[in-house]
Amino acid sequence: MPTLGIIGSGNIGSAVARLAVAADMNVVIANSRGPESLRSLVAELGPLTQAGTVEEAAGQTDAVVLSIPLKAVKDLPDGLLAGKLVLDTSNYYPSRDGRIEELDESTVTTSELVQRMLGDTRYVKVFNNITAAHIPALARPEGAPDRSALPIAGDDAAAKTQATAIIERLGYDTVDAGTLAESWKFEPETPAYGLIYFADPNASEQQLMNTPPGPTPVDEVRSALDAATRVNVAERKF
């Protein structure tokens, strides 16, 4: 039985952990506050889940979901994820992460920056473009007519193949969005981010709280990626 490590127990990390348990995968979940802080979450998720340190989540698992604020990536132990298949959910939110000159100048993408900070990993970007609530809500078995898709990006073809197998087991099809240099295509403020997974993607901000998720198949995700233009993140206010 494969084991998925999850570093970050926030909304996205916890949502992916729920999918992994539902898919009969073992889970080792960790956060910056230590295993004791995860006692209630582990009890909720059940016997396939255990709390650990970040070193245990990295070292005792087949792949690692990295779901921590962008500003916290630099604080991970050096070499923690060396050689690991990493599924990274990072986005750049200046109001949370502070201004990062390279990103504001668009000399690198968020994913390129994270991969550089992590070092020698088999890195794939995924789960960054969908809300935490929609992750379990839209997951479906393989072959289901209402199965949704998630875009992925990476520079390592073999890593993307391995990531796709995990994501499919968790309940989603995938769409290859290209390299890490192209990963901006499904970051905040693009057509493939957030709203695409609502039943009414044209709902106003006031309506979104009452708008349910809607199946978003491969062709819709691919069309959204094709329609993307690069956002000037230097102007991002959130």
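N129 sits in the loop between β6 and α7 (134-138); helices (H or I, at least four residues) and strands (E, at least two) are DSSP runs, numbered from the N terminus. This is a predicted model, in which local features need pLDDT of at least 70 and side-chain atom pairs count only at pLDDT 80 or more, while totals for chains, interfaces and linings use all residues. Residues are numbered from 1 along each chain as its sequence is written, and side-chain values use heavy atoms, with hydrogens and water left out.

With a relative accessibility of 1%, N129 counts as buried (buried is under 20% relative accessible area, exposed is over 50%, and partly exposed is in between, using a 1.4 Å probe and protein chains only). Leaving aside neighbours within four places in sequence, N129 is in contact with L150, P151, F186, A192, Y193, G194 and Y197, where contact means heavy atoms within 4.5 Å. P141 is 12 residues from N129 along the chain, and their C-alpha atoms are separated by 20 Å.

F127 lies in that loop between β6 and α7 too. F127 counts as buried at 1% relative accessibility, and its phi is positive, near 65°, in a residue other than glycine.

## The sheet

Now for the strands. The open sheet has 6 strands in the order β3-β2-β1-β4-β5-β6, with parallel pairing; two strands pair if DSSP finds at least two bridges between them. At the edges stand β3 and β6 (122-125), each pairing on one side only. On average, neighbouring strands of this sheet are turned by 20° against each other, direction ignored. Axes here are lines fitted to C-alpha atoms, for helices over the stretch in contact, and angles run from 0 to 180 degrees between N-to-C directions.

Which strand is largely enclosed by the rest of the structure? That is β2 (residues 26-30), because 4 of its 5 residues are buried. Strand β1 (residues 3-7) pairs with β2 in the parallel sense over 5 bridges, and G5 has V28 of β2 as its bridge partner. β2 also pairs with strand β3 (residues 49-51), again in the parallel sense, over 3 bridges. Along this pairing, V27 stands opposite T49 in β3, and I29 stands opposite A51 in β3.

## Crossovers and packed helices

From β1, the chain crosses through helix α1 (residues 11-22) to β2, a right-handed β-α-β crossover. Right-handed means that, with the strands pointing away from the viewer, the path from the first strand over the helix to the second runs clockwise. Another right-handed β-α-β unit is made by β2, helix α2 (residues 39-45) and β3.

Helix α1 packs on the sheet and touches β1, β2, β3 and β4 (63-66), with its direction at about 170° to that of β1. Helix α8 (residues 157-170) lies across β4, β5 (85-88) and β6, and runs at about 65° to β5. In the loop between α1 and β2 you will find D24, which is partly exposed, with a relative accessible area of 46%. D24 has a positive phi of about 60°, although it is not a glycine.

L80 is in the loop between β4 and β5 and is buried, with a relative accessible area of 15%. Beyond its neighbours within four places in sequence, L80 is in contact with I7, V54, E55 and A58.

T110 belongs to helix α6 (residues 110-118) and counts as buried at 4% relative accessibility. Its contacts, leaving aside neighbours within four places in sequence, are L70, S90, N91, Y92, L103, K125 and E187.

## Pocket and cavity

The largest pocket has a volume of about 580 Å³. Of its 31 lining residues, the closest to its centre are S67, I68, P69, T89 and R96. Helix α1 gives the most to this lining, with 3 residues.

There is 1 cavity of 30 Å³ or more, and the largest cavity holds about 120 Å³ of space. It is lined by 13 residues, of which W184, E187, R230, V231 and V233 are the closest to its centre.

On a 1 Å grid over the protein atoms alone, a cavity is a set of points where a 1.4 Å probe fits but cannot get out; a pocket is an open set with protein on both sides within 12 Å along at least five of seven lines, and lining residues have an atom within 4 Å of a point. Grid points are joined across faces, edges and corners, and a volume is the space filled by probe spheres set on the points.
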